[in-house]
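Thanks for coming. I will go through one structure today, starting with its aromatic rings and then moving to the sheet and the cores.

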Amino acid sequence: MSIPTEPIGSIPRPAGLAEGSGNSAATERAVADTVRRLQDLGSPVVSDGEQSKPSFATYPVAGHPALAADGAVIPFADGHQRQLPRLTAGPFRYSRHAVDYLREAQRHASVPVKQAVIAPSALSLLYPHDGIDGYPREAFLDDLAGEAETDIRSCLDAGAHAVQLDFTEARLSLKLDPSGGLLDDLIALNNRVLERFSSDERARIGVHTCPGADLDSTHSLDVDYADLLPRLFGLNAGAFYLQMAGESDPDRALRVVADHLPPGARVFVGVVDPIDPAVETPEQVRDRVLAAARHLPADRLGTCDDCGFAPFADDTSTSRETAFAKIAARVQGTALAAEALGL
């Protein structure tokens with residue numbers, strides 16, 4: 001396929017696995033089934049669908065001994081909330097790295113495997129506003145940057161096709177701080193990690209952003225993409241995965257992308273919406289790709305899902321079958337667009 005297409009992350013877990021079950025046989029079967037079904041759909045790149053992650057954000061600290069439950073709260077448009085844990089002591093270390101998930105998926109895959117990791121900016125929110133005695137914030141950020149580098153580098157070294165930093169809090173930060181100061185701080189922290197990689201390595205590192213997609217609701221869809229994207233493209237990454245199918249005015253957003261996309265970077269536009277219960281047709285996907293190609297060179301264009309389908313393990317708002325049907329439409333529709341463009 002001349003237009004690359006990749007999954008973003010989570011796929012709803014099979015029945016009985018909604019709360020995750022570590023390295024159990026049930027989890028192994030879910031990973032194997034996910035990889036097999038993605039390959040059967042013709043997906044040129046696959047992932048483990050985050051079948052054994054408790055959530056896309058908290059996998060590195062699951063079971064961490066120095067956490068309290070009363071951390072930062074993420075409010076969603078439908079009224080529900082997610083709450084991050086709060087760090088209570090240092091030094092900060094990951095309790096698990098994403099390479100474990102990658103290696104398990106690679107055991108079952110015959111095509112390239114990508115790996116999603118949480119951006120260090122998201123984990124910086126674990127540090128409390130009033131500080132930690134004997135463990136200043138800058139020491140925490142030093143430790144966090146080192147752990148994030150290890151998380152990314154170990155996946156690259158293990159042969160990941162790409163490593164995707166999930167930076168979903170980017171758009172939310174502009175809701176919390178419309179001045180953009182918080183966003184600038186988060187971007188600076190991510191770049192602090194990305195600058196540790198060579199240009200060849202960064203070509204395999206991408207950044208995903210979206211307005212959230214939990215329980216069929218978003219946390220920041222009302223924030224103007226035009227306020228986010230120019231700053232987001234200041235990240236030293238080789239690719240950007242952008243929610244686009246769920247945008248109210250995707251053509252306007254694509255014009256912003258075209259005006260600010262860094263030289264050499266590829267943009268993967270979202271062409272299926274995990275929040276919309278209706279399954280897109282391949283023809284709808286094709287038309288979304290062709291609309292993007294009116295703004296962006298085809299050799300710098302790819303497609304993806306807007307977001308993961310179940311970023312938290314207990315999210316059953318979208319069925320597993322619906323997720324795979326949407327992915328099939330993405331793969332087929334991208335191929336139709338490539339054909340229409342003569343690629």
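Let me begin with a cluster: Phe92, Tyr94, Tyr127, Tyr135 and Phe140 are linked to one another by ring pairs. A pair here means rings of Phe, Tyr or Trp (for Trp, its six-membered ring) whose centres lie within 6.5 Å; planes under 30 degrees apart count as stacked, over 60 as edge-to-face, and the rest as tilted.

Before going on, the conditions. This is a predicted model, where local features need pLDDT of at least 70 and side-chain atom pairs count only at pLDDT 80 or more, while totals for chains, interfaces and linings use all residues. Residues are numbered from 1 along each chain as its sequence is written, and side-chain values use heavy atoms, with hydrogens and water left out.

How many aromatic pairs are there in the whole structure? The search finds 8. In one of them, phenylalanine 56 and phenylalanine 312 have ring centres 5.8 Å apart and planes at 85°, so this pair is edge-to-face. Phenylalanine 56 is in the loop between α1 (25–40) and β2 (67–68), and phenylalanine 312 is in the loop between β11 and α11 (320–340), so the pair links parts of the chain 256 residues apart. Helices (H or I, at least four residues) and strands (E, at least two) are DSSP runs, numbered from the N terminus. Phenylalanine 56 has a relative accessible area of 13% and is buried; phenylalanine 312, at 14%, also counts as buried. Buried means under 20% relative accessible area, exposed means over 50%, and partly exposed is in between, with a 1.4 Å probe and protein chains only.

A second pair is tyrosine 241 with phenylalanine 268: the centres are 4.6 Å apart and the planes are at 25°, so it is stacked. Tyrosine 241 belongs to strand β9 and phenylalanine 268 to strand β10, so this contact ties together parts 27 residues apart in sequence. Both tyrosine 241 and phenylalanine 268 are buried.

Two rings also carry a charge over the face. The charged end of arginine 82 sits over the ring of phenylalanine 312, 4.1 Å from its centre. Lysine 53 lies over the face of tyrosine 59, at 4.3 Å from the ring centre. The criterion is NZ of Lys or CZ of Arg within 6 Å of the ring centre and within 35 degrees of the ring normal.

Now the sheet. It is open, with 7 parallel strands in the order β1-β11-β10-β9-β8-β7-β6. Strands β1 (5–6) and β6 (115–118) are at the edges with a single partner each, so one side of each has no neighbour in the sheet. Two strands pair if DSSP finds at least two bridges between them. Strands β9 (239–242) and β10 (266–272) have 4 bridges, in the parallel sense. Alanine 239 has arginine 266 as its bridge partner in β10, and leucine 242 stands opposite valine 269. Of the 7 residues in β10, 6 are buried.

Next, the cores. A nonpolar core is a set of buried Ala, Val, Leu, Ile, Met, Phe, Trp, Tyr and Cys residues joined through side-chain atoms within 4.5 Å. The largest has 91 residues, and those with the most contacts inside it are Phe92, Ile152, Phe167, Leu232, Phe240, Leu242 and Val257. Helix α4 (137–157) gives the largest share of this core, 8 residues. Apart from it lies another core of 6 residues, including Ile8, Ala162, Ala239 and Phe268.

Leucine 232 touches Phe167, Ala170, Ile187, Val207, Thr209, Phe240 and Leu242, leaving out residues up to four places away in sequence. Contact means heavy atoms within 4.5 Å.

Which residues of helix α2 (99–108) are buried? They are Val99, Tyr101, Leu102, Glu104 and Ala105, and the buried residues of α2 pack against α1, β6 and α4.

Serine 124 is placed in the loop between α3 (120–123) and α4. Serine 124 is buried, at 3% relative accessible area, and its contacts beyond four places in sequence are Arg137, Phe140, Leu141, Leu144, Leu186 and Leu189.

Alanine 329 is in helix α11 and counts as buried at 2% relative accessibility.
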